[in-house]
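Here is a short briefing on a protein chain. Keep the sequence and the 3D view side by side while reading.

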Amino acid sequence: MQRPMQLPIYQADAFTSKLFQGNPAAYVPLTRWLDNQLMQQIAAENNLAETAFTVPAGNGFELRWFTPGEEVPLCGHATLVTAHLLWTELGCTDDEIHFFTQSGELIVRRDGERLALDFPAQINQPISLSDAFTQALGISPINAFEVAGSNDQLLLEFTAAKQVAALSPDMRAVAQLPYKGLICTAPGDSYACDFVSRFFAPAIGIDEDPVTGSAHTRLVPFWAQKLDKTTLSAKQISARGGELDCELISDRVIMHGHAVTYLRGQIAV
């Protein structure tokens, strides 16, 4: 009988300096890619919003992310977790780490006690919505935006942060909408920040994501234009909550955050 393969696994909380807050992600470092189905099964077994996998490549690492339901093209918090663990657990000594992904090259740099994610900005294009969105959310957004040619995430603007905080979507109805995730956002005045957000993606196995780095590649350009400023403070007002200091530099979004290690272990597959 063939013995199972032993793989290291780590888990950390992203966009927080306190354990049990922010967004947890698992990380499995590999020397070569596993079968896609096996990586998907590992992610489903972990049952976290994301499980990240890397393979060394050139001057960095190929990086892939899996939700419990499918592989995704971009994930911010799991990238932050991966870089944090490469530095704290796996002996990486470079001041910046390069990741090669489906969304292009991503860079994470040391920034004092924080880490800085350097991601491509995504451009929002206004669209009109059907009544199905209001029925799923229980309230009508004032504006809606998508990335041209993508059904990955829809950005919905609301008038006030209290509306975003009070959202209690019908997750079955949200999962039937023609987008994999909904980014809900509003001005952050009542939360002492520039803007707030929440992110719902039941179609890919995540009812509500605690803190969503990839959503901020949409949110930061949107609010930078709306507020006429390029340095922004953001809060994702999920139950666990998370805070990001963001900057728009040309066509890149820089997101600063902390990460805290929770678990070191092995899996047998």
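The notes below cover strands, a helix, nonpolar cores and salt bridges.

The model is predicted. Strand β8 (residues 114-120) pairs with β7 and also with β17. The structure holds 13 salt bridges, and one of them joins D118 to R252.

**Strand β8 and its partners**
- Strand β8 is mostly covered, with 5 of its 7 residues buried.
- Strand β7 (residues 104-111) runs antiparallel to β8, and 5 bridges join the two.
- R109 stands opposite A116 in β8.
- β7 and β8 make a hairpin with 2 residues between them. G112 sits in that turn and has a positive phi of about 65°.
- Strand β17 (residues 252-257) is also antiparallel to β8, joined to it by 6 bridges.
- P120 faces R252 of β17, standing opposite it.

**Helix α6**
- Helix α6 (residues 216-227) is mostly covered: 9 of its 12 residues are buried.
- Among the buried residues are R218, L219, F222 and W223.

**Nonpolar cores**
- The largest nonpolar core has 51 residues. W65, I97 and F99 have the most contacts inside this core.
- Helix α2 (residues 76-88) supplies the largest share of this core, 7 residues.
- Beyond its neighbours within four places in sequence, I97 is in contact with residues including F61, W87, C92 and L106.

**Salt bridges**
- D118 and R252 meet through their side chains at 2.7 Å, N to O. The pair links distant parts of the chain, 134 residues apart.
- D118 is buried at 9% relative accessible area. R252 is partly exposed at 23%.
- E157 and K226 form a salt bridge at 3.1 Å, N to O. E157 lies in strand β11 (residues 153-157) and K226 in helix α6, 69 residues apart.
- E157 is buried, with a relative accessible area of 4%. K226 is partly exposed at 45%.
- R198 forms a salt bridge with E208, their closest N and O atoms being 2.8 Å apart. R198 lies in strand β13 and E208 in strand β14, so the pair ties together parts 10 residues apart in sequence.
- R198 counts as buried at 9% relative accessibility, while E208 counts as partly exposed at 25%.
- Salt bridges with shared partners join E96, R109, D118 and R252 into one network.

Notes:
Residues are numbered from 1 along each chain as its sequence is written. This is a predicted model: local features need pLDDT of at least 70, side-chain atom pairs count only at pLDDT 80 or more; totals for chains, interfaces and linings use all residues. Side-chain values use heavy atoms; hydrogens and water are left out. Buried means under 20% relative accessible area, exposed over 50%, partly exposed in between (1.4 Å probe, protein chains only). Helices (H or I, at least four residues) and strands (E, at least two) are DSSP runs, numbered from the N terminus. Two strands pair if DSSP finds at least two bridges between them. A nonpolar core is a set of buried Ala, Val, Leu, Ile, Met, Phe, Trp, Tyr and Cys residues joined through side-chain atoms within 4.5 Å. Contact means heavy atoms within 4.5 Å. A salt bridge is a side-chain nitrogen of Lys or Arg within 4 Å of a carboxyl oxygen of Asp or Glu.
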